[in-house]
Structure formats: C-alpha cells, structure tokens
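These notebook entries record what I looked up in one protein model.

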Amino acid sequence: MSNEIQARENLIRKLDEDVVHLKQQLEKRDAIIDSLRRGQAESGATITELRDHIQQIRGSIEVLRKDINTQMTRSSKREEETKDIRERLENVSFKISFIENFIGVGKKAEPAEPADKGKPATPAARETSPKVSKADRDVAYAAAYEIFKEGRYERARQDFQIFLKQFPDSEYSDNAQFWIAESFYFENKFDRAILEYEKVIKNYPDGNKFSHALLKLGISYANLGDKAKARVILQQVIKDFPNTAQARTARTKLTEVK
C-alpha cells in the first residue's frame, strides 16, 4: 500500500514538473509570437510609410509632367523668349522706383513760373510740360511693361510709343522699342515686327537688346517663309554673340530652316 502511495506521489510530482515545463514553453512561445507581431507591425508601418513616399513621388512626377507639357505648349508660341538676369534686375529697379516716387510725393520743389504765362500752349509745349522726373520715367516704363506681361499687347505698344516720345534717349529706350517689336511678334504680325526689330538694331547698336532683336529678326523672317534671310541673320547671331542663349537658340532654329 505504501508503494502505491509513493508511486502516485512520484507521478503527481512528475506531472507538476511537466506542467511547469509546459508553462515555460508556452511563455516562450507567447514571447516569440509577440516579437513576431511587433516585427510585423513595424514592418507594416515601414511598408505603409514607403508606400506613402512612393505615392508622393508619383504625384510630384505627375506635376512635373504637367509642367513640362505646359512649358512645351508655351514654348511653341514663345520658343525664343528668355527672361535673363537683366530683366529681373529691371523689375526690382522698377519696384524701387515706385517706392521712391511715392516717398517723394509732396517734397518736390514748385516749378518756376514760365516766362510765356498767359499764352496758349502749343502742341509741342503740351507734350513736354510739365517736366517729368527720373522717377516718373521709371514708373511709366514699369507700367507699360506690366501691361505687356499681361498680354495686352496693343495697349502696351501704345504706352511704349508714348514713352519713347517722352524719353527718346533714356536707358530704357532700347528696351521699350524691343517690346514694341515683341508685341507685334506675339500677335503674329511678323512683317510689322521686322520693322520694329530693325529699329532696335539701327537706333540702339550698343543696347542690351541688340542680340535679342537680331535673333527675333531672323526668326520673324523664318516665320514669313523667307528662309534665305533667316539663315543669314541667324548665322550672324551665332558669329557675333557666341556662347550666349541667343546663339544657342539661333543654332536650333537653323536646323528648322534648312
């Protein structure tokens, strides 16, 4: 009888040990499962983050594609137009001039009374009086240029023509003449544009728009179908202004008019 009891106690002890061992195994398994779950969660978060980044990149690529298509569409109309550093500096100068003009309001000296007071003013006198200042000149040019950038070419052309009458020898005169030519060009009036570009070349040979006008003169002849004149002028641009954006554009255009 005592042997039976001893055997049962041994069996119970063995079972208890097995239970403890099983519990340990279960705890290890649970720890492994938790670790795997955390790893999967982290991996899932990483994958989700990567997917988000990829989606953002795809969106950026789509935006770039649209921008490129837009630029290509615009370039077909304005393939040769470049806004160089000089023009950006001019824009800044114009804004400064506006500020200077407003600051100076009310501080200008009163003009002297004209000697011929009481006499009817002649058309010439009305055109040149009252005398305008440098700030007025800058403001007039800036206003006309803003209208030009808005695409209101006829109105801009009129304002630039008035500017040239008032300031025929100013530092912006060559630019004003160039934008008059450009206004005709963008209206596809290439014959009129040619006449105005030639004025830039003839009247302002040392101006900063000379090479631009020469290039556009050649392109205008090409647009009118006069390939012979276009080639001669474009080759002159390449020769006289090497290593410039105008020369690069001229080379590209030459391949189209051969």
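Before comparing helices, I noted that an axis is a line fitted to C-alpha atoms, for helices over the stretch in contact, and that the angle between two axes runs from 0 to 180 degrees between N-to-C directions. I also noted that the model is a predicted one.

**Entry 1: helix 6 and helix 8**

I looked up helix 6 (residues 173-186) and helix 8 (residues 210-223), whose axes cross at roughly 20 degrees and come within 11 Å. Helix 6 is therefore roughly parallel to helix 8, since angles under 35 degrees count as roughly parallel. The crossing of helix 6 past helix 8 is left-handed. From helix 6, the residues in the contact are Phe-178, Glu-182 and Tyr-185, and helix 8 contributes His-212, Ala-213, Lys-216, Ile-219, Ser-220 and Asn-223. I sorted this contact of helix 6 with helix 8 by class and recorded four nonpolar, three polar and two charged residues.

**Entry 2: overall composition**

I then turned to the whole protein, which has 10 helices and zero strands. Read from the N terminus, its elements run α-α-α-α-α-α-α-α-α-α. Of the 258 residues in the protein, 29% are buried. I also looked up contacts between residues at least 6 apart in sequence, and 57% of these join residues at least 24 apart.

**Entry 3: Ser-220**

Is Ser-220 buried or exposed? I found this residue in helix 8, and Ser-220 counts as buried because its relative accessibility is 0%. Leaving aside residues up to four places away in sequence, Ser-220 touches Tyr-185, Phe-190, Ala-193, Ile-194 and Tyr-197.

**Entry 4: helix 7**

Next I checked the length of helix 7 (residues 190-203), which has 14 residues. At 1.5 Å a residue helix 7 should span 20 Å, and its end C-alpha atoms are 20 Å apart, so the two values agree. The buried residues of helix 7 are Phe-190, Ala-193, Ile-194, Glu-196, Tyr-197, Val-200 and Ile-201. I asked which helices these buried residues of helix 7 pack against. They pack against helix 6 and helix 8. As background I wrote down that an α-helix has 3.6 residues a turn, so residues three or four places apart point the same way.

**Entry 5: helix 8 and helix 10**

I examined helix 8 again, here with helix 10 (residues 245-257): their axes are 10 Å apart and the packing angle is about 10 degrees. Helix 8 and helix 10 are therefore roughly parallel to each other. In helix 8, the residues Ser-211, His-212, Leu-215, Ile-219, Ala-222 and Asn-223 meet Gln-246, Thr-249, Ala-250, Lys-253 and Val-257 of helix 10. The residues of this contact of helix 8 with helix 10 divide into five nonpolar, five polar and one charged.

**Entry 6: helix 4 and helix 5**

Helix 4 (residues 134-149) has 16 residues, and I recorded 23 Å from its first C-alpha to its last, close to the expected 22 Å. Its buried residues include Ala-135, Val-139, Tyr-141, Ala-144 and Phe-148. The axes of helix 4 and helix 5 come within 8 Å and cross at roughly 160 degrees. Helix 4 is therefore roughly antiparallel to helix 5, and their crossing is left-handed. Among the residues in this contact are Tyr-141, Ala-144 and Phe-148 of helix 4 and Tyr-153, Ala-156 and Phe-160 of helix 5. By class, the contact of helix 4 with helix 5 has 10 nonpolar, no polar and three charged residues.

**Entry 7: loop residues with positive phi**

Gly-151 follows helix 4 and has a positive phi near 85 degrees. Gly-151 sits in the loop between helix 4 and helix 5 (153-166), and counts as partly exposed because its relative accessibility is 32%. The C-alpha atoms of Gly-151 and Glu-187 are separated by 9.7 Å, although the two residues are 36 residues apart along the chain.

Asn-188 is not a glycine, yet has a positive phi of about 65 degrees. Asn-188 lies in the loop between helix 6 and helix 7 and is exposed, with a relative accessible area of 58%.

Where does Asn-243 lie? I found Asn-243 in the loop between helix 9 (227-240) and helix 10. Its phi is positive, near 60 degrees, and Asn-243 counts as exposed because its relative accessibility is 73%.

Technical notes:
Residues are numbered from 1 along each chain as its sequence is written. This is a predicted model: local features need pLDDT of at least 70, side-chain atom pairs count only at pLDDT 80 or more; totals for chains, interfaces and linings use all residues. Side-chain values use heavy atoms; hydrogens and water are left out. Helices (H or I, at least four residues) and strands (E, at least two) are DSSP runs, numbered from the N terminus. The expected span of a helix is 1.5 Å times one less than its number of residues. Buried means under 20% relative accessible area, exposed over 50%, partly exposed in between (1.4 Å probe, protein chains only). Angles under 35 degrees count as roughly parallel, over 145 as roughly antiparallel, 65 to 115 as roughly perpendicular and the rest as oblique. A crossing is left-handed if the near helix is turned anticlockwise from the far one by less than a right angle, and right-handed if clockwise. Contact means heavy atoms within 4.5 Å. Ala, Val, Leu, Ile, Met, Phe, Trp, Tyr, Cys and Pro count as nonpolar, Asp, Glu, Lys and Arg as charged, and the others, Gly among them, as polar.
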